[in-house]
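User: Hi! Could you walk me through this structure?

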Amino acid sequence: MLYKSNQDLPLDIRTRFSEAYQDLYRAAFNSAIHWYGEAPKAHQVALSAVKMQSAMYKNFV
C-alpha cells in the first residue's frame, strides 16, 4: 500500500512527526515497499530514515 499524501499516513505517524518528517517517512516507506514488498519492513526503513535525518539535523544546529 502506497501513501499518496500525508493524510493517508497512520494516525500515530501524523501526530508524532512534523509535516517535513511525514514527507520523509512517506517517501521512504513508498520506496521501501517497492523494494521489500512488505509493510513491516517498509515501516522500519521509514522510521530509520526519519531518525537519521533528525540526528543529522541536530548535529548541524
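Predicted model: local features only at pLDDT ≥ 70, side-chain atom pairs only at ≥ 80, totals over all residues.

User: Great. How many helices and strands does the protein chain have?

Analyst: Three helices and zero strands, in the order α-α-α along the sequence. Helices (H or I, at least four residues) and strands (E, at least two) are DSSP runs, numbered from the N terminus.

User: And what is the radius of gyration of the protein chain?

Analyst: It is 11 Å, close to the 10 Å from the globule rule for 61 residues, so the chain is as compact as a globular protein of that length. The radius is taken over C-alpha atoms, and the rule is 2.2 Å times the number of residues to the power 0.38. The C-alpha trace spans about 35 × 20 × 15 Å along its principal axes.

User: Okay, inside now. Which residues form the largest nonpolar core?

Analyst: There are 12: Tyr-3, Leu-9, Ile-13, Phe-17, Tyr-25, Ala-28, Phe-29, Ala-32, Ile-33, Ala-42, Ala-46 and Val-50. Two or more core residues come from each of α2 (19-36) and α3 (39-60), and α2 gives the largest share, five residues. By nonpolar core I mean a set of buried Ala, Val, Leu, Ile, Met, Phe, Trp, Tyr and Cys residues joined through side-chain atoms within 4.5 Å. Buried is under 20% relative accessible area, exposed over 50%, and partly exposed in between (1.4 Å probe, protein chains only).

User: What does Ala-46 touch?

Analyst: Leaving out residues up to four places away in sequence, Ala-46 touches Tyr-25, Ala-28 and Phe-29. A contact means heavy atoms within 4.5 Å.

User: Switching topic: where is Ser-54, and is it buried or exposed?

Analyst: Ser-54 sits in helix α3 and counts as buried, because its relative accessibility is 18%. Its C-alpha lies 15 Å from that of Ala-27, 27 residues away in sequence.

User: And where is Glu-38?

Analyst: Glu-38 is in the loop between α2 and α3. Its relative accessibility is 45%, so Glu-38 counts as partly exposed. The C-alpha atoms of Glu-38 and Met-1 are separated by 9.2 Å, with the two residues 37 apart along the chain.

Definitions and conventions: Residues numbered from 1 in each chain as written. Heavy atoms only, no water.
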